[in-house]
Amino acid sequence: MGNVFEVTDPRGRKVICTEECWFGHILGARSWMAGMEEAVSAAIEKPSFGICCDPHNENRHIYYRLYKNKPRYIKVVVDFVREDLGRVVTAFPTDSGKSGEKLIWPESTD
Amino acid sequence: MAGIDRLIPTKELKVTRLAGERHPPMLYYDRDFDALMILAISPDTETVVHYIDDHVALLYEPETLEIVGLQIEDFKSGFLPKHENVRRVWRLSEANKNLEDVGDLIITFERLKPQVAREVVQVTKNLLPYGAELEAVFA
């Protein structure tokens, strides 16, 4: 199977979304997200609030982007199987971040 | 967390449309994301995730702010170990391999759907706004 999209995040890391992920996972659970590939890829390329890390899995990175002036974000979860290659795990709209997620990019200067 | 503000306060969500009704739940489990979705409406309907705690989120319709389901994240790795009753029902459902579809990616549970949904809502109802109402919806 091929990829639905390939993009580069602000750190220069390549992220792919496979057809299996898009059609099997994302549309399998949320068929109404058909046609939202651009919004999901934009969240990876230009996240509104940097990049976060899952509290239980340091290889799982999370991107949030405000969605079309609506009161919600597109959240995209990416597994980095290699430091320079990530694979989209899921994506969906949310109205907040999740507790425990830590901002990893840009790095804190505190 | 990380300056990502909550855009819709929990108190603005409501459960007026589903209240007093019983809905056969739709369940989806995503193995890669380790998340369980429980929906009282068609999965064709747009929903937004509204986090309540580390594992539990409400699903609501963005136009009406009506709560229509739940999403449990870190379901097997974090939620089940804390809730024995849910774990027991879940193990029963997983033992029935002929319920699997979509190449093992998404599992749709038929016979055990109501029981899994009921147990999940039961153990989370104290966290949830309108917990009693939601318990009745998935009873």
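How many residues does the hairpin that joins β5(A) to β6(A) pass through? The first view below gives the count. This is a predicted model, in which local features need pLDDT of at least 70, side-chain atom pairs count only at pLDDT 80 or more, and totals for chains, interfaces and linings use all residues. Residues are numbered from 1 along each chain as its sequence is written, while chains are lettered from A and ligands numbered from 1 in the order in which they are written.

**View 1. Strand β6(A) and its partners.** Two residues link β5(A) to β6(A) in a hairpin. Helices (H or I, at least four residues) and strands (E, at least two) are DSSP runs, numbered from the N terminus. Strand β6 of chain A spans residues 85-94, and eight of its 10 residues are buried. Here a residue is buried if 20 or more other C-beta atoms lie within 10 Å of its own, exposed if 12 or fewer, and partly exposed in between, with C-beta atoms placed from the backbone. Strand β5(A), residues 73-82, runs antiparallel to β6(A) over nine bridges; look for Val78(A), whose bridge partner is Val88(A). Strand β2(A), residues 14-18, pairs with β6(A) in the parallel sense through three bridges, and Val15(A) has Gly86(A) as its bridge partner. Two strands pair if DSSP finds at least two bridges between them.

**View 2. The buried side of helix α2(A).** In this helix, residues 37-45, the buried residues are Val40(A), Ser41(A), Ala43(A) and Ile44(A). They sit on the same side of α2(A) because they cover an arc of only 150 degrees around the axis, the arc being that of the directions from the helix axis to the C-beta atoms. An α-helix has 3.6 residues a turn, so residues three or four places apart point the same way. The buried residues of α2(A) pack against β1 (3-8), β2, β4 (57-66), β5 and β6 of chain A.

**View 3. Strand β5(B), enclosed.** All seven of the seven residues of β5(B), residues 67-73, are buried, so this strand is largely enclosed by the rest of the structure. Strand β2(B), residues 35-39, is antiparallel to β5(B) and joined to it by five bridges, with Ile38(B) opposite Leu70(B). Strand β4(B), residues 56-60, also runs antiparallel to β5(B), with five bridges; Ala57(B) has Gln71(B) as its bridge partner. In the hairpin of β4(B) and β5(B), six residues lie between the strands, and Leu65(B) takes a positive phi near 60 degrees.

**View 4. Where chain B touches chain A.** On each side of this interface, 28 residues of one chain are in contact with 28 residues of the other; contact requires C-beta atoms, placed from the backbone, within 7 Å. On the chain B side, β1 (26-30) and β3 (48-51) each give two or more residues, and the largest share, four residues, comes from β3(B). The model scores ipTM 0.94 and pTM 0.89.

**View 5. Confidence along chain B.** Mean pLDDT, the predictor's confidence in each residue from 0 to 100, is 82 for chain B, where 83% of residues reach 70 or more. Over residues 98-108 of chain B, pLDDT stays under 50. Where pLDDT is low, the predicted coordinates should not be read in detail.

How values were computed
Contact = placed C-beta atoms within 7 Å.
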